[in-house]
Number of protein chains: 2
Amino acid sequence: MKVKVVTQILEANDRIAEENRKLFDKSGVYVINIMSAPGAGKTSLIEKTIKETAKIKIGVIEGDIAGSDDAKRIKSLGIPVVQINTGGACHLDANMIREVIEDFPLKGLDLLIIENVGNLVCPAEFKVGEDIKVMLLSITEGDDKPLKYPLMFQESSALVLNKIDLLPYTNADVGKIKKNSLSLNPKLKIFEVSCKTGEGISKWVKWLQSLIK
Amino acid sequence: MKVKVVTQILEANDRIAEENRKLFDKSGVYVINIMSAPGAGKTSLIEKTIKETAKIKIGVIEGDIAGSDDAKRIKSLGIPVVQINTGGACHLDANMIREVIEDFPLKGLDLLIIENVGNLVCPAEFKVGEDIKVMLLSITEGDDKPLKYPLMFQESSALVLNKIDLLPYTNADVGKIKKNSLSLNPKLKIFEVSCKTGEGISKWVKWLQSLIK
């Protein structure tokens, strides 16, 4: 019974995600769904991306259980942003996105970035209408994460390894992260960045720009 | 309808958690449920705790979506351990614990440590029969986490702030973390530790020992 209910929820979600996707395509906006554990640096990566891509028109949807700190950070950059508070739910779903995009200025945008709730598990299960999923992993989380949280690595098109400036102070083995991530998902694009120092951001931005027509 | 189903699941879970708790009490074992985001250092804290508490008999239940790396780390210390693989589920529930404690040597133990799945959201909603919940936060996750993930801070009896050895290399404000955590939960005990250098571990262990009888 429990499994049946979950299946119905996922089917209904995928149907709405499909409708969102059609609306995005019609509006000519490319959509990425950014996922990670709490504190891996999703908002920082979005800030850096906005600053490095002056010619691309970006909009942002922020997902959090509570609060609007992230939306305020993005708004201060002069970017259209809307904050979704899930009120306890551990991930965004397609219906939450549907509700906010009705009033969002999609038509003027090249790229819509959806920042999911900080969680390395649940967001990977729910499509929201995105073109691609992108995940962040902070190297301070350790090199054992791919094999412990396989679904998110499998569902993502790109893995952004953040906080590489802290590499000298941790025991994390970047080679192991890459090897195990690629064993789960051989097509995964991997970027090593530091949102603090700016290292590696230009490569990530170049790749992102190549996706938008 | 969706809410109703969720309520039923939570009620059934709480009933089983209650039964687990009775069994733990009967066996004279104190039980803590350790929760955090992925990579905050739950297994490292358990390892440090085991090494600092030679006189206390400890057993460990490891919860992960996949893999048994953590259980291997604990087993190498000569401690009884069992690994639960949730196979996708984002948290442990009372029924998973019930299934493994039937064959677990509870009677010889003073303390059972349950390491939950790495997730700052969902584990806080599910009792498993524990005496207290304890959460870890790595300071590399940033100082905005209490207000963004309030439930876990409200449900926990203690907050262990880990990786304070990395404080010089981050922008995290420990004072802000403490203030916002205490605003959510004024009774919260807060410990600052580094599982890497050992700093602060003895205070945490002393407090933990004071709870056991």
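## Secondary structure and overall form of chain A

In this predicted model, the secondary structure of chain A comes to eight helices and seven strands, where helices (H or I, at least four residues) and strands (E, at least two) are DSSP runs numbered from the N terminus. Residues are numbered from 1 along each chain as its sequence is written, and chains are lettered from A, with ligands numbered from 1, in the order in which they are written. Local features need pLDDT of at least 70 and side-chain atom pairs count only at pLDDT 80 or more, while totals for chains, interfaces and linings use all residues, and side-chain values use heavy atoms, with hydrogens and water left out.

Chain A has a radius of gyration of 17 Å, which agrees with the value near 17 Å that a compact globule of 213 residues would have; this radius is taken over C-alpha atoms, and the globule rule is 2.2 Å times the number of residues to the power 0.38. Along its principal axes, the C-alpha trace of chain A spans about 50 × 45 × 35 Å.

Among contacts (heavy atoms within 4.5 Å) in chain A between residues at least 6 apart in sequence, 72% join residues at least 24 apart. The mean positions of the 30 positive and 28 negative charges of chain A are 3 Å apart; here Lys and Arg count as positive and Asp and Glu as negative, while His and the chain ends are not counted, and the place of a charge is taken as NZ of Lys, CZ of Arg, CG of Asp or CD of Glu.

## An enclosed strand in chain B

Strand β1 of chain B (residues 30-35) is largely enclosed by the rest of the structure, because six of its six residues are buried. In a regular strand the side chains alternate between the two faces of the sheet. In β1(B), Tyr30(B), Ile32(B) and Ile34(B) are buried on one side, and Val31(B), Asn33(B) and Met35(B) are buried on the other.

Strands are said to pair if DSSP finds at least two bridges between them. β1(B) pairs in the parallel sense with β4(B) (residues 111-115) over five bridges, and Ile32(B) stands opposite Ile113(B) there. β1(B) also pairs in the parallel sense with β5(B) (residues 132-138), over four bridges, and in that strand the bridge partner of Ile32(B) is Ile132(B).

Lys163(A) is found in the loop between β6 (158-162) and α7 (174-184) of chain A, and has a positive phi of about 65° although it is not a glycine. Lys163(A) counts as buried, because its relative accessibility is 13%. Asn162(A), in strand β6 of chain A, is buried with a relative accessible area of 2%, and its contacts beyond four places in sequence include Ala40(A), Leu137(A) and Cys195(A).

In chain B, Glu192(B) lies in strand β7 (residues 189-192) and is partly exposed, with a relative accessible area of 31%. Not counting residues up to four places away in sequence, Glu192(B) touches several residues, including Leu161(B), Lys178(B) and Gly200(B).

How values were computed
Buried < 20%, exposed > 50% of the residue type's maximum accessible area, 1.4 Å probe, protein only.
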